[in-house]
Structures are given as C-alpha cells and as structure tokens.
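Reader: I am new to this structure and would be grateful for a close look at a single part of it. Please take me through that part step by step.

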Amino acid sequence: MKKLYCFDFDGTITYKDTMFMYLKFYDPARYHMQFLRHVPLFILLKLKLAETEKVKKSFIGSILKGQSQEKIEKKAQQFFEHHYPKIVRENALDFIKNIDRTHTQSLLVTASLDIWVKPFADKLQMQLVSTRAEFKNGVFTGNFIGRNCNGNEKLERIKEEISNTKYDKIIAFGDTSGDKQMLKWANEGHYQFFH
C-alpha cells in the first residue's frame, strides 16, 4: 500500500511559529526594532485589512534582505541545532519516527521559508514544500520565488511535487485555516491531531 503523508510544520509538528523565532535568533537587536516598526501592519493583518504575503515579505526582508546566503544558511543550521527537538511536539516526533518509509512518501508542507525549515525536513526525512527565498549572486533579495505556500497554494505545490504519482491513501495533518484545502483534498485530513 503506497501512502503519502503531508505534514504542516508550524503549530502542527512544532509548538511555536518558527518565523519569529528564527528572525529573532538571526539578529535580536534588528528583530526587536523591525518588530516594533511592523506592529501597525500586524494589526491590519489581524483585522484582515492587509495581505499576509506582503506583510510577511516586508518583515522578513527588513531583517534578512541583503544578507549572504552562506550566513543565512549557517544561522539556520545553528537555529536547528539549538531548538531541535525542544520545539517539536513529542507525539508528532513519535509518529514520524514510526512511519514505514518503504511504501511511504512524506512531505513537510509549510508557509515558512525554506531557509530555516530545511534542516528540520532533512532530520525528519521529508521532502520540503515551502515558501522559497530568492537569492541572487549569493544574496537574499527580500523576495520569494513564487507565492507564499499557504491555503490553495499549499495544495497546488503538493500536486506539483507528486506530479502524477498514484497513492492508495493520502493523509494530511494541519492546524490552521491555511491547511484547509490540503486537509479537504486528502483521503484523511487530521486537524490539530498532535495537540
């Protein structure tokens, strides 16, 4: 029996949102300054008066834009080593460790950037489907390649990743409205399963 598992990352496998954690880890002083500057945008976002993708791009860019890919990836590895497995839900980790890898493909599907999620995906032996950071000449441009990997985009990117592979069963795990389309599409959609 061939299975496909699709796991959301932030809040589903982890206890916390890793975007804020990584950016704070990367440069605490700059993070605090930019966080205060972005408070009005975060409020508009809560009120659904601003686009998630734009606010996210602005906040991430305000801290990482112009930084070298080498430094960003080195910091991502340090971030992983510092926080793994502490921020990962124990029951999620147990579940993942017991996956029969011979007949199963596992995807880590997240709106977070590939920058800091890749070390977690590698450790959990999953293919990463995420929002992608754009680098030019080894420097982060502050932009994304393609769209923010959330909602319908999540589902489109999963379909792109698996192309025409046939599965006997597709099982998805999520914890927010951004996972709704993925959970609905799967044969089994589990909401807040590891909470």
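Author: Strand β2 (residues 104-113), helix α6 (residues 114-123) and strand β3 form a β-α-β unit that is right-handed, meaning that, with the strands pointing away from the viewer, the path from the first strand over the helix to the second runs clockwise. Helices (H or I, at least four residues) and strands (E, at least two) are DSSP runs, numbered from the N terminus. The model is predicted, so local features need pLDDT of at least 70 and side-chain atom pairs count only at pLDDT 80 or more, while totals for chains, interfaces and linings use all residues. Residues are numbered from 1 along each chain as its sequence is written, and side-chain values use heavy atoms, with hydrogens and water left out.

Within this unit, β2 and β3 (residues 127-136) pair in the parallel sense over five bridges, where pairing requires that DSSP finds at least two bridges between two strands. One of the residues involved is Thr 110, whose bridge partner in β3 is Ser 130.

Thr 104, which lies in β2, is buried at a relative accessible area of 16%, buried being under 20% with a 1.4 Å probe and protein chains only. Beyond its neighbours within four places in sequence, Thr 104 is in contact (heavy atoms within 4.5 Å) with Lys 3, Tyr 5 and Ile 99.

On leaving the unit, β3 is joined by four bridges to β4 (residues 139-145), and these two strands run antiparallel. Lys 136 stands opposite Val 139 in β4, and in the hairpin of β3 and β4, with two residues between the strands, Asn 137 takes a positive phi near 50°.

Definitions and conventions: Buried < 20%, exposed > 50% of the residue type's maximum accessible area, 1.4 Å probe, protein only.
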